[in-house]
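Work through each task before reading its solution.

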Amino acid sequence: MYSLSRTLVGGLLTGTALVAAAQEQSYQLNIPAQALSGALETLKQQTGLHLFYAEQTLAGKTSTALQGTYSAKQAVAILVGGASLSYTFTADNAVSIKPLEVNSLPAVTVSGQRTYDPTDPYNKDYSVPNTSFATKTDTPIMETPLNVQVIPKAVLDDNQAIKIDQAVKYVSGVTTGQAAGGLTDQVTIRGFYNYNLFRNGFRIDASGPEGTRNMANVQSLEVLKGPAAMLYGRVEPGGMLNIVTKKPLDTAYYALQQQFGSFDLFRTTLDATGPITDNKDLLYRMNLAFEKSGSFRENVDYDKLFVAPVLQWNISPATTALLELEYRKENNVYDLHARPLIIDGTRADGSWINPRLADIPRERNLMEDNRNHVEDKLIGLNLTHKFNDDWVLTEQLNIQLLDRDRLVMLPGTLQADQRTLNRRILTSDFFTNDSYFTTTNLTGHFDTGFLKHTLLIGGDYYLQDTNSVGYSSTAASTIDIYNPIHTGNPPIDPTTRASQSFHTKTDFYGIYLQDQIKLPYNVHVLGGFRYQNVEQYDVLAGTIGQKADAVTPQVGVLWQPIHWLSLYGNYVENFGVTNGNLTSDRSFLPPETAEQWEVGFKTAFFEDRLTSTVAYYQLTKQNIATTDLLNPNFNVATGEAQSRGVEVDVKGEILPGWNTIATYAYTETEVLKENNPDNIRVGGGFRGVPKHTSTLWTTYDFQQDYLRGLKLGAGLELVSDKKATFDNHDFSFAGYGVIDLLAAYTRKVAKTNVTLQLNVTNLLDKEYVHDGFAMPYQTRATWGTPRSFMGSVKVEF
C-alpha cells in the first residue's frame, strides 16, 4: 500500500505543469446566427465542451454568428453574454449557464441570489443555498426558520464517501454508530438514535443488519434537525437524514470510476445520463456499482452489487413523469465487534470495581463467519404537473421489497475465569421487510394584501409489512477471548431452540397543511399542523398491537434584516415511536412525544458561497417506556429525557479554490424521569452521546496555471468521551481525534477529464472505539477503522 500511495502522489505532482487550462485553448469556429440552444450545441460539437443549463433558460434567446479563431472562454462569453445569461467554468471543459443576476434598484431589496445548479456534475460548491426537504417547498435556506444542513456532491466526492457515516460527520450534532456491526446505517441527531432514513422524502425503515445505503447514485445528503413530525409523521425527535438521488440530465454525461484501497477494497462505478430522443422529451440515467472488500477485522468480508436506472418523460412543458428503480444485493458478514468488559468485582452498592475493556486486538473477531445475505428492490414513480406558474401538484409512489437470511453466532456472557465467552446461535431462515409509501402535495403561491403566501396541502400513507421466521438455540458454544480457535457454526439443536419468529404490519396515514408567509421588512413566518393515525397489527396473534393518533403543530419565525444575516426561532412538537408495550391493565402505552424550542442565526457571504448556522435548542422527549415496579412484566410511560445544546456549522468557499467545512456541537443530554428514581440513569446522560464533537475539513484547488488541476485537502475529527450506562453501572469510552488527508489531480485528455485521487483516513492510526455499550461481562465496542488508503481513477466525458 505504501508503493500504491507513492505512485499516486507522484503522478499527481509530476503532471501538474504539463497542460494549460482547456478554456484557453484556441478553436477554429464556424457557428451561424440561430437560436441560442442550437448555437451552444454546435459549440459543443466543435470544441468538446460540456454545457449544462436548464432548457427554459435558453427559451426565446438567439445568438450572433461566430466565425474565426476563439478560445473556449471567448466563445462562451460571446454567445452567452449577449443573451442576458451568465456562465461559470466548473471544470476545464465544463460550463454551467444560468440566468444573469440583476441587482434590484431599491436599496432595501436583496440582490439577485446565486443559484446552485445540481444538474452540473462538475459543480465544486460546498454550500447549497436552497433545499425543499425542510418545508417540502423550494425555499432558500436563509428564509427557512429551521436548521437544515446540506452535504453536496462535491463534499462526497472529495471524501470518496462510499458510506453515509463518512459524510454526515461534517454536520454538527450528528454522530454515527455501527449498529449491527456496521451493517445498518445508524445516525444519532441531537442525542437521539434514528434507524430510519429518508430517500427523496420517502421513509426507509431499518430493522436489522440489512446493509448500508449504496452511495453510487447519491447527489447530496440533507439533515433536518429537530422534530419533523408535522411533514413526515412518526420520527425520532432529534432530526432526519434525507438522501437525494441523481436525476437524468438533458446533456450527455458519462463517468467511470475505479476505486481501490486498504483491506483489498475494489469498487467500480458507472454513471451515464443524457437524452434518449432528439427533442429531449425522454431522458435516462443509469448508475452501477460493484464493490468487494475485506476488513481489518478477522473473518469479515463483503461484496455488493447495485443497479439504479432512472427514466424521465417530459410529457409536456407542464407535466413530468419519473420512474426510478434500484436493485441492491449484498453478501456480508455479521460482526458485532464484541469486546468483553472485565471487572474486579462489585461494591456493596452494586457498582463495578475497575471496569475496563478486555485487552485484545481490535482486529479480533469473537464470532464466526456469520453470513448475511440481503436483496433489496425499489420502485418509485413521481408525477409533477404545473397548472400555472403558481400552482403545482405532485404525486409520488415508492415500493421497497427487502429479503434477508442469516446465521449468527452471538456473543453472550463471560464466564468466571474472565476469558471464556459463552455464545449462542441465532438464525433467520427468512426475513422480509416490505414497505409501500405514497404522498400527494399541492403547492400554491398567492398574495393576500401585503402578505405573500406559499401554501402546502398534502397527505401520505405508509404500510410496512415485516415477517421473520427464525430460531435462537441455547446449544453451548464457547471461545477463548485471548486465544480464539474458530470452529465454525455448529448445527442447531431443535430440542433446545426457542422461536424468534414474528409478523407485523404497520400502517399510518397523515394529512397536513403548511403556510409560509412573507411579511414586509423581510419577516418570514412558517406555520402548520398534521393529523397522524398509526396502527400496528400482530399478524400471528391476529390482534392490533398498537393504535394511536395525534395532532402535531409547527411554527417558526425568521427575520432577515440584511441580506447576509437571518435571525430565527421555532417551536415544534413531535409524534414519535408508538409504544407496543402493555400496561398492567392490558392497555396500550401512549406514543412517545416531544417538543423543541430553538433559536439561532444564519449568515451568507460571497453570493451564498460561504454560509453558517449557529443554533441553541432544548428538546424534551416524553412517554418513554419504563418498567412498572409493581408489575415488572409490564411497563408504564413515565420516562422523560432531554437534550439541549449549541451547534455551529460553517461551510463554503473562503477564497477562490479554498473550500472549508467547520462544525462544533455541545450536546448536554439528561434522563429526567425514570420509574425507578434510584436508577443511576436519572440525572445522567444518554448512552453513546459525546458532549463535545468538532470537525474541520478544508481543500484547496490551485488556481495558478502551472498548478491548475491539483487539489490538496485535510480533515480533523474530535470527539469527547462517550458514556456507556447499563442498569446501575457507569462505563465510558475514551474520546479521540482522527486526521484525514486528500490529494487529487485532474487533467484533460482529448475531450475527457481524468482525475487521480488519494484519500488517507486515520493518518496517525489512532486506536479508538467508534460506538458501543456496556453490559455485565459483555460489551460491544465498535472499533474505528485503522489507517487506510483509498485510491481512485475517474474518467468523465
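**Exercise 1.** State how exposed Lys673 is, then find its salt-bridge partner and the sequence separation of the pair.

Solution. Step one: Lys673 has a relative accessibility of 46%, so the residue counts as partly exposed. The cut-offs are under 20% relative accessible area for buried, over 50% for exposed and partly exposed in between (1.4 Å probe, protein chains only). Step two: Lys673 forms a salt bridge with Glu640, at 3.7 Å from N to O. A salt bridge here is a side-chain nitrogen of Lys or Arg within 4 Å of a carboxyl oxygen of Asp or Glu. Strands (E, at least two residues) and helices (H or I, at least four) are DSSP runs, numbered from the N terminus. Step four: Glu640 is buried, at 18%.

The model is predicted: local features need pLDDT of at least 70, side-chain atom pairs count only at pLDDT 80 or more, and totals for chains, interfaces and linings use all residues. Residues are numbered from 1 along each chain as its sequence is written, and side-chain values use heavy atoms, without hydrogens and water.

**Exercise 2.** Describe the salt bridge between Lys153 and Asp157.

Solution. Step one: their closest N and O atoms are 2.7 Å apart. Step two: both lie in helix 5 (residues 153-159), four residues apart, so about one helical turn separates them. Step three: Lys153 is buried at 7%, whereas Asp157 is partly exposed at 31%.

**Exercise 3.** How many salt bridges does the structure hold?

Solution. The count is 39.
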